[in-house]
Amino acid sequence: MPAITATAPAKIILFGEHAVVYGRPAIAVPLPQLRARAVVSADPFAPAGYIRLQAPAIGLDASLEDMPADDPFSLGVHGVLDILGISRCPACLIRVTSTIPIAAGLGSGAAASVVLVRAFSHFLGQPLENRQVNDLVFKIEKVYHGTPSGIDNTVITYEQPVFYIKDQPIQKFRIARPLTLVIADTGIPSKTAVTVGAVRSGWQADPHRYEALFDQIGRITRQARQALETGEIDALGPLMNDNQAVLQELGVSSPTLENLIQAARQAGAAGAKLSGGGGGGNLIALAANETTQRISQELLAAGAASVLVSNISNTGPLE
Ligand code: PMV
């Protein structure tokens, strides 16, 4: 049995975070240069049914039976076996590696689950379809993130820009002209579940105000989709700034994020905003060829823990 490999990208949210949890649209794109990889190989010396999992980045090296039932990798393996109706599989080693920074809002967990599910089902001779991979990984994400919107697993599974509305069919779309983003990490770890919970408390206390803010984000996101599809990149920067202003009103920005966003704008970014859960985590700045280096340098000088430049475009045919 040959070893089977699967890979999947990181992701970044361009517009619509938080409001997406309340049924408004969000736009996310894959970051193909950062990837998770799973390799599944047969273990000819172990008895049938024995599965060993390795993920060096998180210090995991264990047999499946010794892992907690709610471990994401364990959920992925059992999920595949259930879908395929297999009770005893050939002994194997599943090794997951990744260049995606962990807990940085770049989808490292969802990407690890996607590659595991893909490679393992392929190894068993019945590769799951994207739809099945996406559904299973969404289930796993729910165990870990409470009430995720499902945008992470979707953009990572399909590796295409998505215009995502919760509980609706996925809308993939074309980006007419490539964009350059500088992605900066504040270095401040922030759990998405915490900021999502804070927004929920605010919404419960003042639903009227929060619904109006979500509507504003929804409008901005729809305009952004149009700008991306028609190649009007000039419209995008101001839309990013508008989205950031509403995120600030939602209470998910922070002085560190604001400071770095300001530094990016002063260095020539056409627009900048936090990306993902907020509180800490990442921000994105829209750059042009001539400003990319300056923005990166200024962000580091202003205290960003790391920066990454990514060219965003379509990666393949729309499925
Ligand atoms: O922190 P991230 O990149 O996983 O993004 C969270 C996005 C939210 O809209 C805040 C939550 C969600 O589940 O969509």
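I began at the ligand, where I found a backbone N or O atom of His18 lying 2.8 Å from an oxygen atom of the ligand; I count a polar contact as a pair of N or O atoms within 3.5 Å, and within protein one atom must be able to donate a hydrogen and the other to accept it, with residues adjacent in sequence counted only if both atoms are side-chain atoms. I note that this is a predicted model, in which local features need pLDDT of at least 70 and side-chain atom pairs count only at pLDDT 80 or more, whereas totals for chains, interfaces and linings use all residues. Residues are numbered from 1 along each chain as its sequence is written, and side-chain values use heavy atoms, with hydrogens and water left out.

I then looked up the rest of the ligand's surroundings and found 15 residues, the closest being Lys11, His18, Ser149, Thr192 and Gly277 (near means a heavy atom within 4 Å). For Ser149, an N or O atom of the side chain is 2.5 Å from an oxygen atom of the ligand, and for Gly277 a polar backbone atom is 3.1 Å from a ligand oxygen atom.

The structure holds eight salt bridges.

I turned to the domains, for which the assignment, automatic or from a database, gives domain 1 (4–171) and domain 2 (174–312). The contact between them (heavy atoms within 4.5 Å) takes 27 residues from domain 1 and 38 residues from domain 2.

I read the buried area between the two domains as about 2,700 Å², 65% of it on carbon and sulfur atoms; this is the accessible area (1.4 Å probe) lost when the two parts are put together, summed over both. On the domain 1 side, Phe15, His18 and Tyr22 lose the most area to domain 2, together 28% of what that side buries.

How values were computed
A salt bridge is a side-chain nitrogen of Lys or Arg within 4 Å of a carboxyl oxygen of Asp or Glu.
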